[in-house]
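Please give a short briefing on this structure.

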Amino acid sequence: YGFINTCLKSLVVEKYGEETWEKLRLQAGVQDSFLTFEVYKDEITMQLVDKACKILGVPADMVLREFGEYFFEFCKRSGYDHMLRTLGGNLYEFIENLDALHSYLALSYQAILFFFVFPQEMNAPSFRVEKNEDGSMHLHYYSDRRGLCHIVPGIISAAALDFFNIEISMEIVNQTEEEERTGKKEHIVFLVTQNPVFSYKERNEFSSSSQYLADSEKQVEKQLNKEDLEKAKNTFRERGSSVCPVKKSHWKTIRGIITLGKGKLLRGFDPVYPKTLWIDTKTFCNGLPFHMVFDKELRVKQAGVSIQKIVPGLQTTGICLDHYFSIVHPEVPFTISSIQKFINSQFVFQTRREMMPESWKQRPMLELRGQMIWMESLQCMLYLCSPLLRTLHELEERQMHIADIAPHDVTRDLILLNQQRLAEMELSNQLERKKEELRILSKHLEEEKKKTEALLYAMLPQHVANQLKEGKRVEAGEFKECTILFSDVVTFTNICAQCEPIQIVLMLNSMYLRFDRLTTVHDVYKVETVGDAYMVVGGVPVPVPTHAERVANFALGMIIAAKGVQNPVSGNPIQIRVGIHTGPVLAGVVGEKMPRYCLFGDTVNIASRMESHGVPSKIHLSSSAYQCLKYKNFEMTERGEIEVKGKGKMHTYFLVRNKTATENEIMGRP
């Protein structure tokens, strides 16, 4: 399920950042997000872990352990906190009931497991724990998948510290591949040693409570007279020496049966058993309709009435249980020794199709789930179980009814509750899918928005475009000094007369693409193109002190770039004329339907005159442009006075080259 991959993504994003996750998922070749209840291939998770090790430069065991610790916290945040806390009162009980938790979750999620998630047809990891005399434990971990065992110490350590306030260390003491269970399993044995962890406050509370108990003992001893003490001793003797066979002091004896304060026992609970069992055989078989008792040879000694009804063969005393049932979970051989070894696990039996009545041949086989209890005195095993049914649909498929299940059996409630839960999960799954679809649409929308903005910013200055998007009016702005450039193609009219229109379009497009790239290289603003005329400005819309140098370098680049554009008539490179002038302008947006950012003022006219009175493949400068470039490492030659239409005589110059910049730098090449 996507729950695992979502957790792994959350870990990487939270600890290493979004960029690391993006790099990781791209290298692993997986999507960005995962649906919680969607089943994904194991290879995706393994690929993510493998790439994480390489990108982070961390060994696999450390990555898996960190993932285990984080997964525990992720489960808590995802709403499993209370469920996990109630598994056991100590770490041993917690681990002992992990398989039971898996079994419960499988009812709703089909295959969501606490330590890993696999599709239902695959085998889940299993756990078996053994206590040692020195207080340590041996945790047996069985799994079909190799190399994932290092997740276990991460989760168990986090659970021990959070739920039971103890720090533990876990080391692998044995690692084998065994066939004890049906099919080869990786069998890892961890040695778990634990030490209590007390905060300063807890130590004080512990010391205070110990002192309180000691003071209470003295106080009660004073209050008890000899007669009460003797009566208590007699009462204890009547209960039998088997309750506490070790010889104790008078106070320890009294403490075992006397209550202090508000009725809290100072020692553990000791059950009382009747001398005879007050229930007859018929009532037992009716009250527990799905139980079975079998001996070491798997011969059935007793069975509940409902399971007899479904599997009539059980009515024959002494038949072999493994002829009628197979063990689905845990995956162990059907022998008493194997069952005893995994006796703390929940056992799932499945009926064998060939042994079922003819009416059951077309139905799905019935599964039973329950616990095994070894009865030492009878040398028999008691299997207390219930039908393993998840939904009303599964009940109907087997042509069973709620009435077939005992009234006290919570399986009745589980079927009905799970039916409702599955409907809620389906709704949740649909909502999650819609959310994912919206996320993808939002991502695509954001990409399209960026494309639209890029197109808009190519037509208008960014700050002007943003003001127009917000519905604001763009005020015209005055720029005291800027540099304007005009260019055109020499003999453009003659070329147009001798060529097809498409040839002209291709020629201009080839030229303008080169010029447009140079505007980015030299950071000048392209104002407009009209036919073969190309206009740029430096220092507008953002004033900069280097406007003249930028436009001059751009002009030098234009002359070089034009040599790469072919004249469709002659086949030779085209020639362009360039004119530059520096002065003040007024700039503003004109129009609403197709707004244009235009420049106004005599500076525009003079720049245009410099271009029209220019020389092919030369850059014509006005005197004001020359003064701006005079001390800026540019080589310029004097043209002298010329007659300019509408302006009279003007002193002009030609720009030759940049003394310090190479051609590659001018063209923006690496």
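Predicted model: local features only at pLDDT ≥ 70, side-chain atom pairs only at ≥ 80, totals over all residues.

Residues are numbered from 1 along each chain as its sequence is written, and side-chain values use heavy atoms, without hydrogens and water. Helices (H or I, at least four residues) and strands (E, at least two) are DSSP runs, numbered from the N terminus.

**Helix pair**
- Helix α4 covers residues 60–85 and helix α7 residues 151–164; their axes lie 8 Å apart at an angle of about 45°.
- Axes are lines fitted to C-alpha atoms, for helices over the stretch in contact, and angles run from 0 to 180 degrees between N-to-C directions.
- α4 and α7 are therefore oblique to each other (under 35 degrees is roughly parallel, over 145 roughly antiparallel, 65 to 115 roughly perpendicular, the rest oblique).
- Contact means heavy atoms within 4.5 Å; residues of α4 that meet α7 include Leu64, Phe67 and Phe71, and those on the α7 side include Ile151, Ala158 and Phe163.

**Sheet**
- Six strands make an open antiparallel sheet, ordered β8-β7-β12-β11-β10-β9.
- Strands pair if DSSP finds at least two bridges between them.
- β8 (300–303) and β9 (325–329) are the edge strands, each with a single partner, so one side of each has no neighbour in the sheet.
- On average, neighbouring strands are turned by 30° against each other, direction ignored.
- Antiparallel strands β11 (residues 367–375) and β12 (residues 380–387) are joined by eight bridges.
- Gln371 sits opposite Leu384 in β12.
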